[in-house]
Structure formats: structure tokens, C-alpha cells
Protein chains: 2
Amino acid sequence: MAERSPRKDAARNRAAVLAAADTLFTTCEHPDDVTMADIAAAAGVGKGTLFRAFGDRTGLIRALYEARLEPVRRSLEEGPSPLGPAAQPLRRVLAVLDAVLCFKLDNRHLALALEQTGSDSPYRTEHYERWHALLRDLLDRIPGLPDGDFTAHALLAATRADLVTYLAGEKGLPRDEMRARLAEFATRTLSAAPAPSPEAAIEGITPDPSGTR
Amino acid sequence: MAERSPRKDAARNRAAVLAAADTLFTTCEHPDDVTMADIAAAAGVGKGTLFRAFGDRTGLIRALYEARLEPVRRSLEEGPSPLGPAAQPLRRVLAVLDAVLCFKLDNRHLALALEQTGSDSPYRTEHYERWHALLRDLLDRIPGLPDGDFTAHALLAATRADLVTYLAGEKGLPRDEMRARLAEFATRTLSAAPAPSPEAAIEGITPDPSGTR
DNA sequence: TACGATGCGGACCAGCGGTCCGCTTCACTG
DNA sequence: CAGTGAAGCGGACCGCTGGTCCGCATCGTA
């Protein structure tokens with residue numbers, strides 16, 4: 001039960017690995033061409049050390065990600081108004097989305113690496129749950145907005161790392177313009193519209209377009 | 001220059017591989033535990049044949065995906081009104097989104113496999129370009145809607161295979177409910193709102209939340 | 001200083017996508 | 001229908017990856 005404090009060299013190595021991995025991921029073109037062996041070599045440790053400290057590749061990336069995320073999380077929990085808990089829901093939703101987008105832009109390599117970890121979906125990670133829950137709660141508090149849960153997922157989907165990377169890289173969309181677009185999109189989504197025919201639009205044509213089956 | 005027609009056995013093998021791969025992907029839990037060797041074995045051919053016919057893993061999956069997509073594409077191009085070109089833009093956008101969602105639900109394993117092909121982003125594929133272009137054009141035709149390009153991306157992002165799989169699987173969200181939620185979300189997004197303060201919301205707080213840098 | 005526990009490291013392993021090349025099978029020709 | 005060149009086949013083989021393992025070094029404590 002008692003938390004055993006880590007040995008000094010272990011801590012040092014852990015830090016070295018994190019630092020090395022960080023620069024490698026940031027430097028490289030594609031996350032896949034950073035191998036575990038590369039990281040170990042760059043950090044000046046053996047592969048075993050690396051796996052002992054982080055379990056597996058996903059564990060390492062996740063640790064890096066969470067570390068980078070720390071300041072953002074703090075801002076969310078106790079920061080000043082647009083981001084912090086004091087802000088009114090709608091405004092805060094926009095601020096949070098913007099923060100997420102900026103984070104993904106600043107850390108695209110990491111986010112990319114994390115989101116395309118084949119084995120497990122990016123939706124069962126701690127930070128996604130946190131973001132989603134926060135957004136959902138805020139959305140539920142906006143009057144006239146049904147269905148905060150799905151809306152939160154959908155809005156977050158617009159900040160997916162590969163989309164963001166694609167828009168920023170391939171299409172050369174400047175950072176601030178992208179932020180403006182996302183904000184505009186979210187604003188439109190959240191403006192409590194009378195919803196002309198929410199389900200009539202879909203239930204009306206419901207024969208299920210799957211011609212395939 | 002003249003297109004050389006394929007040999008009979010080659011065609012037969014190609015079909016066998018596609019069929020085998022299809023059932024394997026549909027059956028399995030996670031795309032990654034279907035290996036190329038598995039597919040070759042199930043199809044009763046050698047691995048070489050398989051790579052000769054499709055180039056690489058991504059090529060195979062893409063071929064499968066496109067094949068499944070054919071009926072949908074046809075419906076879009078020449079189908080009856082809600083989906084076909086005759087429908088009015090807003091209605092058609094909703095129909096297209098619904099069709100995409102249904103397709104992804106019906107073919108989640110394939111879509112999952114394709115979207116998480118590490119090496120290249122899912123955004124440079126032919127079918128994504130097609131969907132995006134179609135939606136963008138429709139959106140641009142809706143009065144009072146700025147920025148069809150980004151909106152199209154954002155709406156499509158809500159149908160990402162892993163999200164859809166997560167909602168349908170982990171959270172047990174029934175198919176029709178999911179369709180309704182998406183339709184409702186899109187409807188809200190597209191209701192030409194006066195946009196209370198589209199850029200004021202973001203430009204007003206613009207100090208860039210990246211405390212990390 | 002001695003000594004257990006903790007951590008280290010790199011040889012090692014299994015399994016993957018992908019290649020290669022000797023052999024088979026096709027389809028066309030005389 | 002036999003002959004023939006090319007197209008296609010298959011599975012042994014390769015390079016490389018994430019991950020394991022265990023003899024040995026290092027740490028913190030008595």
C-alpha cells in the first residue's frame with residue numbers, strides 16, 4: 001500500500017527518456033519513424049529501461065502527452081475567466097475548444113502519435129474523457145441545447161489531430177484562421193436555434209440508405 | 001498504352017482475396033489481428049499473389065472499401081431525391097451525412113482499418129475528397145452559410161470510424177438514435193444563424209492559450 | 001562496509017509487412 | 001493441337017519492429 005519512492009537514477013533516466021522522446025517526436029516527419037530503439041539511444045539508456053519505466057510505446061507517448069497537457073489542465077481548473085470555471089457556459093465552451101485546438105496545433109506530432117495508436121481507440125484515454133465530460137456539462141447548462149453528450153463528441157472531433165495537421169500542413173491554413181473557423185462553426189452549432197425540424201429531417205427519409213445489405 | 005486485360009486466374013484470385021479479406025475483417029475484433037498471411041491463407045493463395053494484386057496492405061483495404069462504397073456513390077450521383085442531385089442543398093447535406101454515417105456503421109471494421117493506416121492521413125484518399133467536395137459545394141449553396149470548406153470537414157469528422165465505433169460499441173448507442181443525434185447536430189449547425197459574435201468570441205480572447213510555449 | 005532490493009541494458013525473440021525468383025499456368029500463334 | 005513467351009504464382013526469405021529476459025551494476029540502508 002505504501003507508495004515506494006523511486007530510486008534517484010530511475011527518476012533521472014525517466015526524465016532523460018521523456019526529453020529525448022519529446023525532441024525526437026517534435027523533430028521527425030511522421031511519428032512512425034521514431035522507434036523505441038531510437039528513443040533509447042537518444043536518451044543514452046537501454047531499451048529495457050524504457051519499457052520498464054513506461055510499459056509500452058503507448059504508455060510513453062501518453063506520459064509525454066499528459067505532461068504537455070498539464071498547464072492546459074491547470075488553466076481549465078483554476079485559470080482566469082474565459083477558460084476557468086468562472087466563465088459562463090457558452091463562452092467557456094468556445095474557450096475550451098480553442099484551447100484544445102491550439103494544443104493540438106502546438107503538439108501535433110504527439111497528438112498524431114497518440115490518436116493513431118492502433119490497438120486502443122483514442123476515446124478511452126483519461127484526457128479525452130476529461131475534455132468530453134467538461135464540455136458535456138457546460139453544454140447541458142446552455143438553455144435550449146439538447147444532447148450535450150453527442151454535441152461534445154462532435155465538436156471535439158473537429159479538433160482531431162490528423163484533420164488539424166492536414167489543414168495546417170497540406171492546405172496551408174494559417175493557425176489563427178483555423179481558430180476563427182472553428183469558433184465560428186461552434187458558435188453556429190450552439191446558437192440555440194428553434195431547430196426547424198430536427199428529427200423530421202431524418203425520420204422523414206428513414207428507409208436507411210444502406211443499399212449494401 | 002493499351003490496357004492489358006487481366007488473365008483469368010488472376011481475376012479469380014483477386015476476387016477470392018477480396019472475399020476472404022472481407023469476411024475476415026468483418027468477423028474479427030480489431031483490424032490489426034487480421035494479418036496479410038491470414039488473408040492469403042483464407043483465400044487459398046500465396047502471399048506474393050496478394051501483394052502483386054494490391055500493392056500493399058493499404059491498397060487491399062482501400063480496394064475493399066471502394067468496392068463496398070460503390071452503391072452509395074451511385075446513389076449520390078444518380079439516385080432519387082434526398083440523396084441524389086435533385087434535392088435541395090440543405091436537405092441533401094443531411095441525407096449525405098446520414099448515408100456516410102450508415103455506411104461507416106455497416107462497415108466499421110473496414111473504415112476503422114482504413115482510417116488508422118498509420119503511414120498516410122485519411123484525408124488524402126479519393127473517397128474523402130469526393131465526400132468533402134460534394135458537401136462543400138452544397139454548403140456553399142446554402143445562403144447565409146460562410147465557410148463551407150471547414151464546415152464540411154467538421155461535419156465529416158463527426159462520422160469518424162473510431163468515434164462511431166466507440167459510441168455504438170462501448171456506449172451502446174443504438175443506430176437510429178445516433179443517426180437522429182447527428183442529424184440534429186447538423187441541422188443546428190446549418191440553421192443560418194445571425195451569428196451573435198462569430199469572431200468577437202475568439203478574437204476577443206485571442207492571447208493564444210498556449211501557455212506551453 | 002556489507003548486503004538485499006531496485007533498476008539497468010542489450011542480446012534476444014516472435015511476428016509483421018513486404019520481396020524475390022524458380023516454377024506453373026495461361027492465352028495466343030502457326 | 002502443340003509450342004512458346006509472358007504473365008502470374010507461392011512460400012521461403014528478409015529487415016525491422018515492439019517487447020522480453022536475466023546476469024550484472026548501482027542504490028539506499030543498517
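Helices are taken here as DSSP runs of at least four residues, numbered from the N terminus. The model described is a predicted one, and in chain A it comprises 11 helices and zero strands, so that, by the DSSP assignment, the elements of this chain read α-α-α-α-α-α-α-α-α-α-α from the N terminus on. Of the 213 residues of chain A, 50% count as buried. Among contacts in chain A between residues at least 6 apart in sequence, those that join residues at least 24 apart make up 64%.

The relation between the two chains was examined by superposition. Chain A is brought onto chain B by a rotation of 180 degrees, with 0.0 Å of shift along the axis and an RMSD of 0.0 Å. The two copies are therefore related as by a two-fold rotation axis. Within chain A, the C-alpha nearest this axis belongs to A:Thr189, at 2.1 Å from it. The same surface serves both copies, in that 98% of the contact residues of chain A recur in chain B.

The contact between the chains draws on 63 residues from chain A and 64 residues from chain B. Together, chain A and chain B bury about 6000 Å² between them, and 61% of this area lies on carbon and sulfur atoms. Eight salt bridges are counted between chain A and chain B, one of which joins the side chains of A:Asp162 and B:Arg160, with an N to O distance of 2.8 Å. Polar contacts between chain A and chain B, counted with both residues at pLDDT 80 or more, amount to 11 residue pairs.

On the side of chain A that touches chain B, the elements that give two or more residues are helix H4 (57-78), helix H5 (89-106), helix H8 (148-157), helix H9 (161-169), helix H10 (175-190) and helix H11 (200-203) of chain A. H10(A) gives the most to this side, with 11 residues. By residue class, the side of chain A that touches chain B divides into 31 nonpolar, 13 polar and 19 charged residues.

Helix H10 of chain B, which spans residues 175-190, contains B:Thr187. The relative accessibility of B:Thr187 is 8%, and because buried means under 20% relative accessible area, this residue counts as buried. The side chain of B:Thr187 reaches the backbone oxygen of B:Ala183 at a distance of 2.6 Å.

In chain A, the phi of A:Asp147 is near 70 degrees, a positive value in a residue other than glycine, and A:Asp147 is placed in the loop between helix H7 (126-140) and H8 of that chain. With a relative accessible area of 18%, A:Asp147 is buried, because the value falls under the 20% cut-off. In chain B, B:Asp147 likewise has a positive phi, of about 70 degrees, although it is not a glycine, and B:Asp147 lies in the loop between helix H7 (126-140) and helix H8 (148-157) of chain B. B:Asp147 also counts as buried, because its relative accessibility of 19% is under 20%.

Notes:
Residues numbered from 1 in each chain as written. Chains lettered and ligands numbered in written order. Heavy atoms only, no water. Buried < 20%, exposed > 50% of the residue type's maximum accessible area, 1.4 Å probe, protein only. Polar contact = N/O pair within 3.5 Å; in protein donor to acceptor, adjacent residues only side chain to side chain. Least-squares fit on C-alpha atoms with pLDDT ≥ 70 in both. Contact = heavy atoms within 4.5 Å. Buried area = accessible area lost by both parts, 1.4 Å probe. Salt bridge = Lys/Arg side-chain N within 4 Å of Asp/Glu carboxyl O. Nonpolar A, V, L, I, M, F, W, Y, C, P; charged D, E, K, R; others polar.
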